[in-house]
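My notes follow in the order I checked them.

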Amino acid sequence: MRSRLLSIGVTAASALVLVSCAQAGTRTDPGAGPGPTTQIGPTPDGRTFTASVAAPRALVAGTTLTIGFAEGALVANAGCNTISGRVDLTGGTLDVGSLATTEMGCDQPRHDQDAWLVGFLEAKPAWKLDGEQLTLAKTTTSIVLAEQRTAPLEGARWTVDSLTDGPTASSPPGTATASLSFSADTVAIETGCNSGSAPYKKNGQTLVIEAPILTRMACADDRGVLESAVVAVVEGEVAYSIEGRALTLTKGAKSLILRLEP
């Protein structure tokens, strides 16, 4: 997948960010004179955070912001493309320079949300870490994120959030919804049109799902479109991964991205 540099012009605002040593302080060697500071106190490095709300911007329905930090690198996702680059957390400011993004085709609202997040991150927002909560703020915009905890596959209802087919990603059509609920050896399936279940087994990071037994209601609208996308993935050998509250199921070129319901 190709990457490109996506640079968004953002008006810089002058701000002095005072961050306590308990959160993200800085230290300058008095004998060293002017120069870079040394970060002290906890930082987000080595951790991943998610948010479903930003202010004052409303996120695209069904999307979640994810921002991870590891050894001077940042990786983010706003529901479509993967955004990445180097990051400097010194002085309580998130400094990424220019960011690169993948070029997956998504609907326009998700593309716009990608561009908004890139612009926000490149504007050098202030960051503050309070336990498992990370706050990013710049002028009138703020994002409050919680540290991501990986959810178990079983015992919860996963709702389909995104559909991918090769390089193209889209939201479920219209108001149709679909979900999967896993027990120890059975997955309950709601396709958006019909419902049923299928036995399955885990084999490492692969689910081996038997042919689902579903009701046979005919749906010619958006529910039928969503059902076709779901049943194309949920049978046979299906690769799966869980990151925080997001479950990805992949079969060939097709994938479902599902979110854990609260």
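Which residues does R259 touch, not counting residues up to four places away in sequence? I found G62, T64, R157, W158, T159, D161, R245 and A246. Touching here means contact, that is, heavy atoms within 4.5 Å.

Ground rules next. This is a predicted model, so I kept in mind that local features need pLDDT of at least 70, side-chain atom pairs count only at pLDDT 80 or more, and totals for chains, interfaces and linings use all residues. Residues are numbered from 1 along each chain as its sequence is written, and side-chain values use heavy atoms, with hydrogens and water left out.

**Entry: R259 and its strand.** I placed R259 in strand β22, residues 254–260. Strands are DSSP runs of E, at least two residues, and helices are runs of H or I, at least four, numbered from the N terminus. The R259 side chain makes a polar contact with the side chain of D161 at 3.4 Å. For that term I used a pair of N or O atoms within 3.5 Å; within protein, one must be able to donate a hydrogen and the other to accept it, and residues adjacent in sequence count only if both atoms are side-chain atoms.

**Entry: strands around β21.** I looked at β20 (residues 236–243) and β21 (residues 246–251), which pair antiparallel over 5 bridges. Pairing requires at least two DSSP bridges between two strands. β21 also runs antiparallel to β22, joined by 6 bridges. T248 in β21 stands opposite S241, and its bridge partner in β22 is I257. The β20–β21 hairpin has 2 residues between the strands, and G244 there takes a positive phi near 65°. In the β21–β22 hairpin, also with 2 residues between the strands, I noted G252 with a positive phi near 65°.

**Entry: aromatic pairs.** How many aromatic pairs does the structure hold? I noted 3. Rings of Phe, Tyr and Trp (its six-membered ring) pair if their centres lie within 6.5 Å; planes under 30 degrees apart are stacked, over 60 edge-to-face, the rest tilted. F49 and F69 are edge-to-face, 6.4 Å centre to centre with 70° between the planes. F49 sits in β4 and F69 in β6, so the pair ties together parts 20 residues apart in sequence. W116 and F120 are stacked, at 6.2 Å and 20°. They are 4 residues apart in helix α1, about one helical turn.

**Entry: burial.** I called a residue buried under 20% relative accessible area, exposed over 50%, and partly exposed in between (1.4 Å probe, protein chains only). W116 is buried at 16%, and F120 at 6%.
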